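Please look over the sequence and the model before reading on.

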Amino acid sequence: MNKKNMIAAMAAKTGLTQKDCEKALDAFTDTLCETLIAGGKVHLTGLGTFEVKDRAGRMGRNLYTRESVDIPPYKAPVFHAGKSLKEAVH
């Protein structure tokens with residue numbers, strides 16, 4: 001499902017216009033990104049938790065040239081599914 005399909009599905013379920021659903025979805029994603037960038041965590045009961053994890057630097061290998069490559073530390077967004085979502089999918 002892409003963003004356009006998600007907006008159409010939200011509009012069908014809520015009775016709101018697609019424009020209003022698009023604004024709501026954009027506001028949600030913007031707020032989620034701003035919170036994660038600030039180092040926060042977003043917990044949505046029944047859905048799961050969005051957070052940022054620090055990944056340690058390490059040595060990797062270029063598979064074509066077999067040279068060692070230094071991979072610097074970085075931050076990665078992570079989603080942990082909640083119990084309700086896991087049960088629904090299972």
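The expected span of a helix is 1.5 Å times one less than its number of residues. The model discussed here is predicted.

**Helix α2**

Helix α2 runs over residues 18-37, 20 residues in total. At 1.5 Å a residue, the helix should span 28 Å. Its end C-alpha atoms are 28 Å apart, so expectation and model agree.

Which residues of α2 are buried? They are C21, L25, L32 and L36. Seen down the axis of α2, the buried residues fall within an arc of 35°, so they line one face of the helix. The face turned away from this buried side carries exposed residues: K19, K23, E34 and I37.

What do the buried residues of α2 pack against? Their partners are α1 (3-14), β1 (42-44) and β2 (48-55). Just after α2 comes G39, with a positive phi of about 95°.

**The three-stranded sheet**

Three strands make an open sheet, in the order β1-β2-β5, with antiparallel pairing. Strands β1 and β5 (74-81) are the edges, and each pairs on one side only. Neighbouring strands are turned by 25° against each other on average, direction ignored. Helix α2 packs on this sheet and touches β1 and β2. The direction of α2 makes about 40° with that of β2.

Strands β1 and β2 pair in the antiparallel sense over three bridges. They form a hairpin with three residues between the strands. There G46 takes a positive phi near 90°.

On the other pairing, eight bridges join β2 to β5, and these strands too run antiparallel. V52 has P77 in β5 as its bridge partner. R55 stands opposite Y74, also in β5.

Strand β2 holds T49 and E51. Are they buried or exposed? The cut-off for buried is under 20% relative accessible area. T49 has 14% relative accessibility, so T49 counts as buried. E51 has a relative accessible area of 13%, so E51 is buried as well.

The table sets out the two residues.

| Residue | Relative accessible area | Side-chain polar contact |
|---|---|---|
| T49 | 14% | H43, 2.8 Å |
| E51 | 13% | H80, 3.2 Å |

T49 and H43 are linked in two ways. Their side chains are joined by the polar contact of 2.8 Å, and T49 in β2 is the bridge partner of H43. Setting aside residues up to four places away in sequence, T49 touches K41, V42, H43, V78, F79 and H80.

For E51, the polar contact runs from its side chain to that of H80, at 3.2 Å. Again leaving out residues up to four places away in sequence, E51 touches L36, G40, K41, A76, P77, V78 and H80. One of these contacts, L36, is among the buried residues of α2. Another, P77, is the bridge partner of V52 in β5.

**The β3-β4 hairpin**

Strands β3 (residues 58-61) and β4 (residues 68-71) pair in the antiparallel sense over four bridges. R58 stands opposite I71 in β4. The two strands form a hairpin, with six residues between them.

Where does R66 lie? R66 is in the loop between β3 and β4. R66 has a positive phi of about 65°, although it is not a glycine. Most residues other than glycine have a negative phi. Is R66 buried or exposed? The cut-off for exposed is over 50% relative accessible area. R66 has 64%, so R66 is exposed.

**In brief**

Helix α2 lines one face with its buried residues and packs on the sheet at β1 and β2. T49 and E51 are buried. R66, in the β3-β4 loop, is exposed.

Note on methods. Residues are numbered from 1 along each chain as its sequence is written. This is a predicted model: local features need pLDDT of at least 70, side-chain atom pairs count only at pLDDT 80 or more; totals for chains, interfaces and linings use all residues. Side-chain values use heavy atoms; hydrogens and water are left out. Buried means under 20% relative accessible area, exposed over 50%, partly exposed in between (1.4 Å probe, protein chains only). The arc is that of the directions from the helix axis to the C-beta atoms. Contact means heavy atoms within 4.5 Å. A polar contact is a pair of N or O atoms within 3.5 Å; within protein, one must be able to donate a hydrogen and the other to accept it, and residues adjacent in sequence count only if both atoms are side-chain atoms. Two strands pair if DSSP finds at least two bridges between them. Axes are lines fitted to C-alpha atoms, for helices over the stretch in contact, and angles run from 0 to 180 degrees between N-to-C directions.
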